[in-house]
Amino acid sequence: IFGCVAHFSRPSRRTCIPVSNRGINCRAMLSTACVPSPVAASGVGWGATTGPLACDYLVTSAGVEELAFIDRVLVETQDWTIILADPAAQPGGRWNSAPPFARLDQPSEFFGVGSRPLDTPHVLRRDEILQYCHGVVQRFAQLGRVRFFPMTTFDGRALCSIVDSDDVRPIRVRRKVVRSLFGPSPSTPLRTFPFHVAAGSLVVPPKEVQLHAAGHAKYIVIGGGRTGIEVVLWLFKRGVREDQLLWVMREDMWLIKQGTMTPDSYVETAKAFWSLFAEAETVEAFELGLERAGLRFRIDTSKRPTAFRAVAVAEQDIAQLRRAAPSIIRKGALREVHPERLVLQHGSVPTGSGALYIDCTADDPEERDIELPPVFEARQVNLQLVREIADNGPPSSCFSAALIGLLECAEPHDAEAKSALCTPMAAPATVVDALRNELASMRATGLKAHPVAGTFLMVGSLGRLAAIGPKATRQLLQDRADKGERDRVLANLERLCAEGASTPPFSAPGACGGGSRLVSAGGQSEASTVASGAHFDFDELDRLEQLTLQQA
């Protein structure tokens, strides 16, 4: 088998070898070992040259966010070159390890790269997203400034093939290395289970659930995040009964109703948020207010969720998920998996023989109190969510990456000043985390005052304000233009965040706002009040509307 893999893994045929902590998954390996990567087969691979490599930017993974960063750099510059490397056989990042039935849970208008918008009315599935990423990388390569190296890692000095230990290419990066901190790193095929697996237990990742789904007495879904939800819905569609399902989750979670953040519904959603920001007396009242407004829901209506991770679910799937409410196991994190039982943090649960365990914990990590590096460093860019653009919910990860690319091109040498504009933001774990991000976004003025970034926030592709259009933006800003109302909102948000002070915020270096050396000497621009609408110059909005029409 290894000889076959080595033979078919030369530069024109890159493959992926899934590995678990129980050894190599030969069935999955054989299903892909002899299939050439579509990107490599199209000539976007290692290429014919040999010897050392050189580039301006080395991007170490090929997820959608990384492609959004590259797209913005290509737009803003004329001759900078980029090398893109990824451990997987094709671009797509975490979508490579997603199950085939996984779907995009955010509006397509906010996803992808700015120069190739994904404005589609239907919900995108995994294969469509991977095909889109493949097309984007192909187009990058045709421009002659981007080279893609699949099945490749960066060790700090060279690009190393993961299928041929002799295939090592030294690389000189003239400007910066770009790393992504968006969620886990499932694009690497070497992932182990985060719990002990006893002999005789059948544990599979979500990507392989279709290969093993038939003929089991019990199905145990481990993890309550986005992937766990997708797997539970798929099992019900296959005819699995409620009494055959066990769903292990550490805590109940508030879910976003899909469709409430689309360009058509965004203004009404923003109004509902603004009203609750001003009037909610407690965090619980804020949560229940969103639920009554049809913006949030919970799987088990008898429990108050303690988590919020910005996972969106379609309205037609809510009833299906509530079928699983009696099957939920809430005993903390999973420690051990045995053929007929689970050992959890707060006890054990019998599962019976013939159980299939599905590990969906990659997007539901147990450790969340992490310290984030700054977005910009002297020799490195760390792609992550930008807190300053959080508005009525976590910002689009693709828009954050594009904004980071814009600032990197605008001032490539001043990492400290750019980091003062962009505070890194971990994905929220609780509603209080989300409220803290909202408060920090409203207070921040440095990014919105920047002469380039301020305009990009208004009209940049993948952004919410650009998607809803100038007329809706005008309506939204007029509703927030009253300074007294805005002060009341800020005061109430501070009180709600203080109520949740027992939940420590994610630590990140730098302040949450403030000025910067990148702001023009003329002072704060009109775009600095995008989030609040206070004292906004609507003549400037008319100018931006004309600019939008010209760009269209």
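1. Helices (H or I, at least four residues) and strands (E, at least two) are DSSP runs, numbered from the N terminus. On that basis the protein has 18 helices and 25 strands. The model is a predicted one, in which local features need pLDDT of at least 70 and side-chain atom pairs count only at pLDDT 80 or more, while totals for chains, interfaces and linings use all residues. Residues are numbered from 1 along each chain as its sequence is written, and side-chain values use heavy atoms, with hydrogens and water left out.

2. Burial and contacts. A residue is buried under 20% relative accessible area, exposed over 50% and partly exposed in between (1.4 Å probe, protein chains only). Of the 552 residues in the protein, 57% are buried. Contact means heavy atoms within 4.5 Å. Among contacts with a separation of 6 or more, 77% are between residues 24 or more positions apart.

3. Nonpolar cores. A nonpolar core is a set of buried Ala, Val, Leu, Ile, Met, Phe, Trp, Tyr and Cys residues joined through side-chain atoms within 4.5 Å. The largest one has 58 residues, of which Phe69, Ile70, Trp95, Leu403 and Leu447 touch the most other members. Helix H11 (residues 397-410) supplies the largest share of this core, nine residues. A second, separate core of 32 residues includes Trp234, Met249, Leu255 and Val311.

4. Surroundings of Trp95. Leaving aside residues up to four places away in sequence, Trp95 touches Val64, Ala102, Arg103, Leu104, Phe111, Arg126, Ile129 and Leu130.

5. Helices H8 and H17. Two packed helices are described by the angle between their axes and the distance between the axes. Axes are lines fitted to C-alpha atoms, for helices over the stretch in contact, and angles run from 0 to 180 degrees between N-to-C directions. The axes of H8 (residues 266-279) and H17 (residues 483-499) come within 7 Å and cross at roughly 65 degrees. H8 is therefore roughly perpendicular to H17, given that angles under 35 degrees count as roughly parallel, over 145 as roughly antiparallel, 65 to 115 as roughly perpendicular and the rest as oblique. On the H8 side the contact involves Trp274, Leu276, Phe277, Ala278 and Glu279, and on the H17 side Glu485, Arg486, Arg488, Val489, Asn492 and Leu493. These residues divide into six nonpolar, one polar and four charged; Ala, Val, Leu, Ile, Met, Phe, Trp, Tyr, Cys and Pro count as nonpolar, Asp, Glu, Lys and Arg as charged, and the others, Gly among them, as polar.

6. Helices H7 and H10. The axes of H7 (residues 226-237) and H10 (residues 315-323) come within 10 Å, crossing at roughly 85 degrees. This makes H7 roughly perpendicular to H10. Ile229, Val232, Leu233 and Phe236 of H7 meet Asp317, Gln320, Leu321 and Arg323 of H10. The contact comprises five nonpolar, one polar and two charged residues.

7. Thr60. This residue is in the loop between strand E3 (53-59) and helix H4 (64-76). Thr60 counts as buried because its relative accessibility is 16%.

8. Met151, in the loop between strand E7 (146-150) and strand E8 (152-154), has a positive phi near 55 degrees, although Met151 is not a glycine. Its relative accessibility is 0%, so Met151 counts as buried. Met425 lies in strand E25 (residues 424-425), and its C-alpha atom is separated by 5.1 Å from that of Leu385, 40 residues apart along the chain.
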